Amino acid sequence: MIQPSQADVRRFFCGVYAKARSPAPLEPMEMLVSQWIDEHPEYHSELADVDAALTKMHQVDPNRENPFLHLSMHLSISEQCSIDQPRGIRQAVELLTHRLNSLHDAHHRAMDCLGRMIFESQRSGRMPDGESYIACVQRNATQD
């Protein structure tokens with residue numbers, strides 16, 4: 001299993017941003033990342049400067065979300081849905097997308113559930129609970 005460093009992740013997203021604005025063809029994964037980047041124009045200035053992104057790597061602003069973490073979560077949820085892992089996530093996100101009439105908004109709701117599952121796992125010292133994650137996304141898809 002590959003475990004990229006925080007710097008690797010930042011270089012990757014900045015590289016995709018630059019490549020998408022050039023005539024160079026994108027690889028399939030880069031195309032997916034580029035679509036999520038396009039959904040977040042508020043991140044474009046940070047993605048345009050890889051050196052600044054690397055310099056700011058250890059600066060935490062509690063009043064602003066981390067664009068690299070945010071985009072990584074979009075990518076994770078996309079990948080989870082593509083392989084339906086944990087089992088049921090694809091249907092839950094599809095239902096939520098239909099309810100909200102927006103894949104982007106559905107991802108943001110699923111991110112809240114994913115973040116909660118990760119937090120609970122770390123807090124308890126147990127493995128992540130995929131069933132609670134799916135149940136959270138399903139609740140978001142079915143609540144009025």
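A: Happy to. Arg11, for instance, is partly exposed, with a relative accessible area of 43%.

Q: What kind of model is this, and how are residues numbered?
A: This is a predicted model, where local features need pLDDT of at least 70, side-chain atom pairs count only at pLDDT 80 or more, and totals for chains, interfaces and linings use all residues. Residues are numbered from 1 along each chain as its sequence is written, and side-chain values use heavy atoms, with hydrogens and water left out.

Q: What does the chain average for pLDDT?
A: The average for the protein chain is 94, and 99% of the residues score at least 70. That score is the predictor's confidence in each residue, from 0 to 100.

Q: Which elements have the lowest and highest mean pLDDT?
A: H4 has the lowest, 93, and helix H2 (residues 28–38) the highest, 97. Helices here are DSSP runs of H or I with at least four residues, strands are runs of E with at least two, and both are numbered from the N terminus.

Q: Back to Arg11. Which residue does Arg11 form a salt bridge with?
A: Its partner is Asp8, and the closest N and O atoms are 3.5 Å apart. A salt bridge here is a side-chain nitrogen of Lys or Arg within 4 Å of a carboxyl oxygen of Asp or Glu. Both residues sit in helix H1, 3 residues apart, so about one helical turn separates them. Asp8 is partly exposed too, at 37% relative accessibility.

Q: Why would side chains pair up like that?
A: Side chains of opposite charge can pair when their charged atoms come close.

Q: How many salt bridges are there in the whole structure?
A: The search finds 5. Another one joins Arg123 and Glu120, at 2.4 Å from N to O. These two are 3 residues apart in helix H7, which again means about one helical turn between them. Arg123 is exposed at 59%, while Glu120 is partly exposed at 33%.

Q: And what about Arg64, which residue does it pair with?
A: Arg64 forms a salt bridge with Glu46, with the closest N and O atoms 2.5 Å apart. Arg64 lies in the loop between H4 and H5 and Glu46 in helix H3, so the pair ties together parts that are 18 residues apart in sequence. Arg64 is partly exposed at 36%, and Glu46 is partly exposed at 22%.

Q: New topic: how many disulfides are there?
A: There is 1, according to a search of the whole structure. Cys113 and Cys136 form it, with their sulfur atoms 2.1 Å apart; the cut-off for a disulfide is two cysteine sulfur atoms within 2.5 Å. The pair links distant parts of the chain, 23 residues apart, with Cys113 in helix H7 (residues 103–124) and Cys136 in helix H8 (residues 130–142).

Q: Is that disulfide left-handed or right-handed? And are its cysteines buried or exposed?
A: The torsion about the S-S bond is about -70 degrees, so the disulfide is left-handed. Both Cys113 and Cys136 are buried.

Q: Last one: what is the volume of the largest pocket?
A: It is about 650 Å³. Of its 19 lining residues, the closest to the centre are Ile2, Pro4, Val9, Ser72 and Ser76. A pocket is an open set of points on a 1 Å grid over the protein atoms alone where a 1.4 Å probe fits, with protein on both sides within 12 Å along at least five of seven lines, and lining residues have an atom within 4 Å of a point. Grid points are joined across faces, edges and corners, and the volume is the space filled by probe spheres set on the points.

Q: Which element gives the largest share of that lining?
A: H5 does, with 8 residues.

Note on methods: Buried means under 20% relative accessible area, exposed over 50%, partly exposed in between (1.4 Å probe, protein chains only).
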